[in-house]
Amino acid sequence: MSPPLGAGAAASTLASATGAVEVLATRHAYVAFAVLLCIGLYMMIANPNLVKKIIGLNLFQTAIFLLFIASAYVDGGSIPIVPTGGPEGGLYVSPLPHVLVLTAIVVGVSLTAVGLALCIRIYDEYGTLRTDTLRGLLREEGSIPSRRSPGASGADGAVESPETGGETDD
């Protein structure tokens, strides 16, 4: 008697699920990469606070560093220093990803310092670090244009200026 049609599909799904769990258990650096990347991206997009956006950017950068280092791993590889008279063949680890990550860490720390300095300056000037509040304050100040209603523009997209009656370039 043959097994039911659904039994083979269920066994295949179970085998692929256990295979996926095994891969995730052995490749924990990639799981950590995905989690850090998602959390950092979410913090940059969803948080209205500028300091929290910078923290999200740092998490995002850390995830990228982890990806570079994890992808540079060679099982059984050795350092790429060959002693004089030693064997020329063998499995070596490329030092390039590690050097790139060290350079990126320096750039990331500099970017964080500049971002935090700008946050301090913005807070001293406007008294808030919330992006929605800052947009409102900048609109009142006239630094950014106010929102226009959809019917306010003419047929060609230009807006008539109330002072001159003509069109302005925005």
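# Briefing: helices, cysteines and charged pairs

Cys 119 is buried, with a relative accessibility of 6% (buried is under 20% relative accessible area, exposed over 50%, partly exposed in between; 1.4 Å probe, protein chains only). This is a predicted model, in which local features need pLDDT of at least 70, side-chain atom pairs need pLDDT 80 or more, and totals for chains, interfaces and linings use all residues. Residues are numbered from 1 along each chain as its sequence is written, and side-chain values use heavy atoms, without hydrogens or water.

**Overall make-up**

- The chain has 170 residues, and 15% of them count as buried.
- Its secondary structure consists of five helices and two strands (DSSP runs, H or I of at least four residues for helices and E of at least two for strands, numbered from the N terminus).
- Along the sequence these elements follow the pattern α-α-α-α-α-β-β.

**Cysteines**

- Cys 38 is exposed, at a relative accessible area of 52%, whereas Cys 119 is buried at 6%.
- The number of disulfides in the model is zero (a disulfide is a pair of cysteine sulfur atoms within 2.5 Å).

**Annotated transmembrane regions**

- An unreviewed UniProt entry places the feature "transmembrane region" at residues 29–47 and at residues 99–120 (positions are in the numbering used here, feature names are shortened, and annotations may be inferred rather than shown by experiment).
- In the model, residues 29–47 are 95% helix and 0% strand, and the C-alpha atoms at the two ends of this span are 26 Å apart.
- Residues 99–120 are 100% helix and 0% strand, with 32 Å between the end C-alpha atoms.

**Nonpolar surface patch**

- Phe 68, Ile 69, Leu 96 and Leu 100 make a nonpolar surface patch of about 340 Å² (patch residues have over 30% relative accessible area and no salt bridge; like charges are joined within 9 Å, and nonpolar side chains, namely Val, Leu, Ile, Met, Phe, Trp and Tyr, within 5 Å; areas come from the Shrake-Rupley method with a 1.4 Å probe).
- At least two residues of the patch come from helix H3 (50–72), and at least two from helix H4 (96–126).
- Leu 96 belongs to helix H4 and is exposed, with a relative accessible area of 51%.

- The whole structure contains two salt bridges (a side-chain nitrogen of Lys or Arg within 4 Å of a carboxyl oxygen of Asp or Glu).
- Side chains of opposite charge can pair when their charged atoms come close.
- One of the salt bridges joins Arg 121 to Glu 125, with 3.3 Å between the closest N and O atoms.
- Arg 121 and Glu 125 are four residues apart in helix H4, so about one helical turn separates them.
- Arg 121 is exposed at 52% relative accessibility, while Glu 125 is partly exposed at 44%.

**Around the loop between H4 and H5**

- Thr 128 sits in the loop between H4 and helix H5 (131–141).
- Thr 128 counts as buried because its relative accessible area is 13%.
- The side chain of Thr 128 comes to 3.2 Å from the backbone nitrogen of Arg 130, a polar contact (N or O atoms within 3.5 Å, one able to donate a hydrogen and the other to accept it; residues adjacent in sequence count only if both atoms are side-chain atoms).
- The side chain of Arg 130 also forms a salt bridge with the side chain of Asp 132, at 3.2 Å from N to O.
- Arg 130 is partly exposed at 39% relative accessibility, and Asp 132 is partly exposed at 40%.
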